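Reader: I have a chain open and would like to talk it through. Can you take my questions as they come?

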Amino acid sequence: MQVFKYGVDTLTVAKAIDLSTGKLIGIIDETAKQKINQSQQYVNEIVANNDTVYGINTGFGILSNKKISEEDTKTLQYKILQSHSVGVGNPIPKQVAKLMLITKLQALAQGFSGVQLTTLERILWHIDNNVIPVVPEKGSVGASGDLAPLAHLCLPLIGLGEVFYKDKIIKTAELFLKENLSPITLGPKEGLALINGTQFILSYAIADVQRMHNCLEVADIIGAMSLEALQGTKAPFDERLHQLRPFKGNQLVAQRLRLLLQDSEIMNSHEDCDRVQDPYSLRCMPQVHGASRNAWLHLKKLTEIEINAVTDNPIIFNADDTISGGNFHGQPLALPLDYCCFAAAELGNISDRRCYLLLEGKFGLPMLLMSEVGLNSGFMIPQYTTAALVTENKTLCFPASADSIPTSLGQEDHVSMGSISGRKLYQILDNLEYILAIELMSACQAIEFRQPLKSSILLEAAHDFVRQTVSFANEDRIFADDINQIKKIISDFSFMNYVE
């Protein structure tokens with residue numbers, strides 16, 4: 001198996017996901033160990049020389065002018081984890097918390113943070129053994145680092161907090177008994193290095209990038225199926241048209257739609273019809289899906305800068321050269337995360353419009369996608385759910401990064417709120433997967449009314465894959481069951497992987 005070297009190799013979104021799922025193994029190699037040990041030695045020299053450096057021998061935030069004695073510097077680091085553990089709400093997804101460990105280790109292993117090797121080796125133990133700290137979802141303002149969630153993430157290092165252990169949540173004290181572990185004794189600056197950083201925002205961004213890419217791929221496939229069912233034209237996807245307005249996302253979506261519709265009997269059957277134009281939700285898929293792809297690409301690029309960045313404070317270059325700066329500020333990710341909230345919500349918006357078109361009873365389809373309606377409501381009510389989810393997503397689109405509330409008695413007077421941006425996008429994507437599931441369910445129902453004509457090889461494969469899980473509906477049933485089944489094959493990537 002391929003090995004990733006923390007603090008030495010370049011991390012990507014894909015590699016971070018692979019580390020979180022165990023497909024890739026991470027190590028701290030000798031090169032990283034030398035840098036880590038040297039950085040820790042610099043901190044020890046600063047303490048021994050009684051030089052005043054923020055967070056090493058001073059208080060934190062507004063208390064930065066309070067000098068801490070040499071004998072209290074270690075106690076200071078222990079107390080910072082306790083005092084900053086103020087997160088509230090439900091635990092974040094276990095995968096996101098594991099990504100926090102991975103990205104925190106990548107940042108600290110670069111050797112600018114003054115952290116002990118033993119501390120980083122314990123973080124690596126948690127990753128390798130899939131023992132993941134419980135991190136509450138709320139409480140970070142996304143500047144000075146994601147203080148509260150990172151404090152909860154690191155509590156198990158000192159024997160406090162809770163962890164996911166073999167699919168159960170247990171106290172860290174119980175974990176230590178089971179695994180014969182002892183608490184880490186934090187050295188000077190370590191507590192601050194552990195809680196200062198953007199790893200909460202960043203880990204949500206990594207998960208969001210992966211999930212949104214899946215939704216983008218799936219939206220193209222499902223949109224093509226809806227177009228087939230509605231006997232739409234592929235003319236708006238002509239390569240020449242998109243060379244005249246060459247946005248990368250638009251061109252890619254148009255190319256994918258051409259491929260998805262290639263050699264379709266259904267498409268060829270109505271080439272000489274008298275329809276002039278399709279509704280925008282069909283005709284403008286390259287422009288709408290493409291714009292969302294452009295937003296996603298921007299987020300991915302910035303995430304892969306942040307994933308290899310050092311974001312704690314202060315930064316230790318050597319014993320005589322430390323800089324107290326603002327690399328912990330979450331604004332660089334907060335803005336693109338908010339932008340992607342709009343982009344993901346719009347994918348749901350246009351999908352809902354296609355759901356509606358499929359129900360109208362036009363172009364040879366039965367009204368509400370069922371031969372006998374009246375006694376049966378057909379597919380009328382699933383579209384109510386898409387309408388509700390689309391509106392819910394709109395309410396989640398208020399940009400958290402547009403707001404800032406001062407903290408630390410005004411010392412931290414501008415904050416990013418990017419932690420909220422990352423969580424909101426995660427919620428929007430969850431709703432989007434349901435919306436796409438309902439469109440896929442409706443498109444599969446509709447396309448069967450075109451039989452015996454066949455669609456393209458790819459879209460027939462997509463239809464057959466859904467039919468392994470959910471059957472054609474001749475009459476009403478509990479469609480929530482179907483929606484949940486189809487949502488599952490979307491969210492676990494199996495639908496995309498099968499068709500792609």
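Author: We can start with the whole chain and then turn to a helix contact and a sheet. Keep in mind that this is a predicted model.

Reader: How many helices and strands does the chain have?

Author: There are 20 helices and 9 strands. The C-alpha trace spans about 85 × 50 × 45 Å along its principal axes.

Reader: And what share of the residues count as buried?

Author: Of the 500 residues, 55% count as buried. The chain exposes about 21000 Å², and carbon and sulfur atoms supply 53% of that area.

Reader: Helices next. At what angle do the axes of α1 and α9 cross?

Author: Roughly 100°, with the axes coming within 10 Å. An angle from 65 to 115 degrees counts as roughly perpendicular, and α1 and α9 are therefore roughly perpendicular to each other. Helix α1 covers residues 13-21 and helix α9 covers residues 199-229.

Reader: Which residues meet there?

Author: From α1, V13, A16 and I17; from α9, I206, V209 and Q210. By type, the contact has 5 nonpolar residues, 1 polar and no charged.

Reader: Switching to strands. In what order do the 3 strands of the open sheet lie?

Author: The order is β4-β6-β7, with antiparallel pairing. β4 (132-133) and β7 (168-171) are at the edges with a single partner strand each, so one side of each has no neighbour in the sheet.

Reader: How many bridges join β6 to β7?

Author: 4 bridges join them, and β6 spans residues 162-165. Across that pairing, V163 stands opposite I170 in β7.

Note on methods:
Residues numbered from 1 in each chain as written. Predicted model: local features only at pLDDT ≥ 70, side-chain atom pairs only at ≥ 80, totals over all residues. Heavy atoms only, no water. Axes fitted to C-alpha atoms, helices over the stretch in contact; angles between N-to-C directions. Helix = DSSP H or I, 4+ residues; strand = E, 2+ residues; numbered from the N terminus. Parallel < 35°, antiparallel > 145°, perpendicular 65-115°, else oblique. Contact = heavy atoms within 4.5 Å. Nonpolar A, V, L, I, M, F, W, Y, C, P; charged D, E, K, R; others polar. Buried < 20%, exposed > 50% of the residue type's maximum accessible area, 1.4 Å probe, protein only. Areas by Shrake-Rupley, 256 points an atom, 1.4 Å probe, with all protein chains shown as cover. Pairing = 2+ DSSP bridges.
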